[in-house]
Amino acid sequence: MFTGIVRELGRVEALERDAEGARLRIGASLASELSEGDSVAVNGACLTATSVSGETFEADVMHQTLELTTLGELEPGTAVNLELALRADDRLGGHVVQGHVDGTAIVVDVTEDGFARRLRLELPAELLPYVVERGSIAIEGVSLTIANLDDPVAEVSLIPETLERTSLGAVDSGDRLNVECDVLARYVARQQARDHLSPLAIEEEK
């Protein structure tokens, strides 16, 4: 589990793809805190460190992750948002982020707003039931608040700290970004759907 507070901007050193999936190698100082088997979020996707050496780690990326995220498009030198898994004694500074990317959104507009910057993102139709104005959303692994919602476009505001410390500072119109909806919204939507089912349908679902 993660919080959406990016720990470090790492750099892609290599992405090797074959018929089995992909292997990603990233350079970052936080690699020294990783052991083989540890979880790490890369642009919002939870991966497992398969190899660690100095300030470099590797992780395997399976087909489903390649299909749902933008990780397969990474190139050497690309900056990526990194976050270590949450420990029991850590502060929950953002919101509960699982590292299970739901899909991708397209940036349709970027505008300056004083010291902040606003991004307008077109979300896939299947994710709209899980987003609400003033609710939480993770974009590229960054915990953000939805400032405005005009289906299918959600707007978020980025403060200078976020612009400087994450990859979102370099985002432009047309970019495709990883999105994870608030897991609590998913549970609520699931329960509401079940509330409308007949007892027979619920039994059949079991």
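The points below go through the strands, the barrel and the cores of this predicted model.

1. Basis of the note. Because the model is predicted, local features are taken only where pLDDT is at least 70 and side-chain atom pairs count only at pLDDT 80 or more, while totals for chains, interfaces and linings use all residues. Residues are numbered from 1 along each chain as its sequence is written, and side-chain values use heavy atoms, with hydrogens and water left out.

2. The barrel. Six strands form a closed barrel in the order β7-β8-β11-β10-β9-β12, with antiparallel pairing; from one strand to the next the twist averages 45°. Strands here are DSSP runs (E, at least two residues) numbered from the N terminus, two of them pair if DSSP finds at least two bridges between them, and the angles, which run from 0 to 180 degrees, lie between N-to-C directions of axes fitted as lines to C-alpha atoms.

3. Strand β9 and its neighbours. Strand β9, residues 136–139, pairs with β10, residues 142–150, in the antiparallel sense over 4 bridges, and within this pair A138 stands opposite S143. The hairpin of these strands has 2 residues between them, and E140 takes a positive phi near 55° there. β9 is also joined by 3 bridges to β12, residues 176–181, again antiparallel, where I137 has C181 as its bridge partner.

4. Strands β7 and β8. Antiparallel strands β7 (residues 103–113) and β8 (residues 116–122) are joined by 7 bridges, and T111 has R118 in β8 as its bridge partner.

5. The nonpolar cores. A nonpolar core is a set of buried Ala, Val, Leu, Ile, Met, Phe, Trp, Tyr and Cys residues joined through side-chain atoms within 4.5 Å, buried meaning under 20% relative accessible area with a 1.4 Å probe and protein chains only. The largest core has 24 residues, of which L123, I137, I139, L144 and L168 touch the most other members; β7, β8, β9, β10, β11 (153–158) and β12 each supply at least two residues of this core. A second, separate core of 23 residues includes L34, V42, A45 and L66.

6. Surroundings of L123. Leaving aside residues up to four places away in sequence, L123 touches A105, L128, V131, I137, P152, A154 and V179, contact meaning heavy atoms within 4.5 Å.

7. T56 in strand β5. T56 lies in strand β5, residues 56–61, and counts as buried because its relative accessibility is 18%. Residues up to four places away in sequence not being counted, T56 touches E13, R25, I26, G27, A28, A31 and S51.

How values were computed:
Buried means under 20% relative accessible area, exposed over 50%, partly exposed in between (1.4 Å probe, protein chains only).
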